[in-house]
Amino acid sequence: MSGNMNLTLKVWRQKDVKTPGKMVTYPAKDISPDMSFLEMLDVVNEGLIHKGEDPIYFDHDCREGICGSCSLYINGRPHGPKQGITSCQLHMRSFYDGQTIIIEPWRAAAFPVVKDLATDRSAFDRIQHAGGFVSINTGGVPDANEIPIPKPIADEAFNSATCIQCGACVAACKNASAMLFVSAKVSQLALLPQGQPERYQRVQSMVAQMDEEGFGNCTNTAACEAECPKEIKLTNIARMNGDFFTAKFFKSDEVHA
Amino acid sequence: MSGSTQTLSTSIGKKLIMSLTGLFLCLFLIVHLSGNFQLFKDDSGLAFNDYSHFMTHFPPIKVVSYLLYLTIIGHSIYALILTIKNRKARPVNYAMAPKSPSIWSSRNMGILGSFLLLFIVIHMGNFWFSYHKDEWFKNHSGPKMPFKEYRTDLKTGKLVSAKQLPQGEYEYAKYVDVNAQQEITIAKDLQAQVIFSFSSPLYVLFYVIAMGSLSFHLLHGFQSSWQTMGMNHRKYKPIVNQIGIWLFAVIIPIGFAAMPIVYYFTKR
Ligand code: SF4
Ligand code: FES
């Protein structure tokens with residue numbers, strides 16, 4: 001088929017958490033530019049399976065940019081060379097015939113490699129469990145728009161809420177810091193009326209859990225913002241820090257005696 | 001109290017220390033630069049030497065200066081602690097050098113800062129220590145920093161004469177010679193040390209490079225400290241950014257770098 005590409009892949013192969021891994025080179029032949037990046041990996045894996053080799057293990061689920069599973073560090077950038085998309089939304093037309101593509105897992109102490117390109121991102125889940133929720137009583141169905149929320153606030157909260165927990169921010173950060181993720185999760189609730197009762201407790205618990213997981217410290221380089229597939233903004237981090245200091249310095253946890 | 005120490009040991013708390021110490025140092029730079037502009041006065045160093053005496057002997061300023069030394073040490077130590085933690089957060093590096101877009105200065109704060117620390121040590125050794133050592137070690141054998149006697153006409157306010165005093169024991173003094181209608185100032189001649197230091201082209205080059213590093217350090221550092229403190233206002237954050245660029249990354253480093261350059265070409 002004309003127009004198809006032949007590529008060289010250099011892929012991180014690692015048997016399990018304990019075994020040290022290494023880069024292995026594979027040819028990727030006759031790849032259509034219309035394939036997605038994950039479909040290209042499927043084709044390569046099919047070849048490996050036919051040869052009786054262990055296929056390249058990578059995380060994926062929705063394949064339409066909404067689940068955040070596909071965590072591939074492609075040619076020095078999380079989710080590859082394009083901005084504002086996930087690895088599964090990346091097409092092979094973003095590469096050229098004969099190109100060498102280096103594929104690595106997210107690198108962070110808090111995200112241990114499970115196998116090949118898949119990392120254990122349950123650290124994010126534990127941060128969410130620490131405070132990324134609102135406690136509400138169920139009951140009758142409330143009216144829509146029962147609580148008035150100004151449009152800019154609703155939009156801002158919605159933007160923060162689009163975070164898909166993919167971890168590209170950690171992967172891109174030179175400090176492997178999770179601040180963009182945590183601040184998005186803190187912000188989406190801190191901005192809305194429903195999030196107010198737990199607002200100052202939440203930010204403290206989530207930051208404490210973040211520190212516990214061994215993520216690095218933010219130096220405001222903004223690499224996370226540039227690589228986030230959902231274009232979560234750095235302003236979330238400032239907002240979270242503001243809430244954190246307010247909670248620590250200006251709010252009391254207990255009633256005055 | 002235990003609550004606030006807990007706060008400062010969190011990741012964001014440590015960043016707060018970095019930003020507060022950093023901003024205090026920024027504030028100091030403004031004072032330091034405006035004071036040292038007196039080096040450009042054409043008065044044989046009278047104003048500058050007067051000012052140097054005031055800055056080293058007025059008790060409230062002495063207190064602030066010791067606070068300043070502590071701040072420099074604190075800023076460096078916390079930077080080191082945070083850098084070590086950040087290295088640990090990524091034990092295995094990427095095979096392909098990261099290509100994520102970010103501003104160069106933001107990625108190299110540690111290197112820029114280390115160079116600035118080296119600069120501060122050399123700079124303080126050369127001026128601060130030389131200025132104080134004759135008082136601290138009364139009997140040291142090396143040459144002492146000379147004193148200068150200035151005579152100013154009381155009526156016109158003009159400098160009449162400035163002469164270096166022979167080596168010996170002097171103290172800072174300011175008095176009026178009623179007969180001659182002149183004000184006499186005897187002050188340690190720090191300006192002589194400035195002239196001497198900035199006559200060396202290597203030293204001038206070192207200063208200029210250090211001020212280049214300062215510029216890049218503050219280009220990221222000033223706005224970053226406000227971001228850490230939670231400043232994200234749509235209207236005011238851009239103003240902070242502009243101050244960071246123009247005042248701290250352009251005007252202040254150029255102002256400081258002008259001193260060795262102008263002295264090298266005019267006073268040598
Ligand atoms: S902030 Fe962006 S990069 Fe980070 S986890 Fe959320 S969606 Fe992914
Ligand atoms: S597989 Fe779901 S976002 Fe890529």
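Helices (H or I, at least four residues) and strands (E, at least two) are DSSP runs, numbered from the N terminus. This is a predicted model, in which local features need pLDDT of at least 70 and side-chain atom pairs count only at pLDDT 80 or more, while totals for chains, interfaces and linings use all residues. Residues are numbered from 1 along each chain as its sequence is written, chains are lettered from A and ligands numbered from 1 in the order in which they are written, and side-chain values use heavy atoms, with hydrogens and water left out.

**Stop 1: chain B**

Select chain B and colour by secondary structure. Nine helices and four strands make up its secondary structure. Along the sequence the pattern reads α-α-α-α-α-α-β-β-β-β-α-α-α. Taken along the principal axes, the C-alpha atoms of chain B fill a box of roughly 75 × 45 × 45 Å.

**Stop 2: where chain B touches chain A**

Now show both chains. The contact (heavy atoms within 4.5 Å) takes 50 residues from chain A and 38 residues from chain B. The size of an interface is often given as the accessible area lost when the parts come together. Buried area is the accessible area (1.4 Å probe) that two parts lose on being put together, summed over both. For chain B and chain A this is about 3,300 Å², with 56% of it on carbon and sulfur atoms.

Select Arg234(B) and Glu156(A). Their side chains meet in a salt bridge at 3.1 Å, N to O; the term covers a side-chain nitrogen of Lys or Arg within 4 Å of a carboxyl oxygen of Asp or Glu. The count between chain B and chain A is one salt bridge.

The two chains also have 22 residue pairs in polar contact, both residues at pLDDT 80 or more. A polar contact is a pair of N or O atoms within 3.5 Å; within protein, one must be able to donate a hydrogen and the other to accept it, and residues adjacent in sequence count only if both atoms are side-chain atoms. On the side of chain B that touches chain A, the elements giving two or more residues are α1 (2–9), α2 (11–36), α4 (59–88), α5 (104–107) and α8 (201–228) of chain B. The largest share, five residues, comes from α2(B).

**Stop 3: the two domains of chain A**

Chain A is divided into domain 1 (5–115) and domain 2 (122–255), with bounds from an automatic or database domain assignment. The C-alpha centres of domain 1 and domain 2 of chain A lie 30 Å apart. Between them the two domains of chain A bury about 1,400 Å², 57% of it on carbon and sulfur atoms. In domain 1 of chain A, Pro78(A), Ala110(A) and Phe111(A) lose the most area to domain 2 of chain A, together 33% of what that side buries.

Select Arg77(A) and Glu227(A), whose side chains meet in a salt bridge (2.7 Å, N to O). The count between the two domains of chain A is one salt bridge.

**Stop 4: Phe111(A) and Phe215(A)**

Over all chains there are 30 aromatic pairs. Rings of Phe, Tyr and Trp (its six-membered ring) pair if their centres lie within 6.5 Å; planes under 30 degrees apart count as stacked, over 60 as edge-to-face and the rest as tilted. The rings of Phe111(A) and Phe215(A) have centres 5.5 Å apart and planes at 80 degrees, so the pair is edge-to-face. Phe111(A) lies in the loop between β5 (100–104) and β6 (113–115) of chain A and Phe215(A) in the loop between α6 (199–212) and α7 (223–227) of chain A, so the pair ties together parts that are 104 residues apart in sequence.

**Stop 5: Arg63(A) and Asp42(A)**

The structure holds 22 salt bridges over all chains. In one of them, Arg63(A) pairs with Asp42(A), the closest N and O atoms being 2.8 Å apart.
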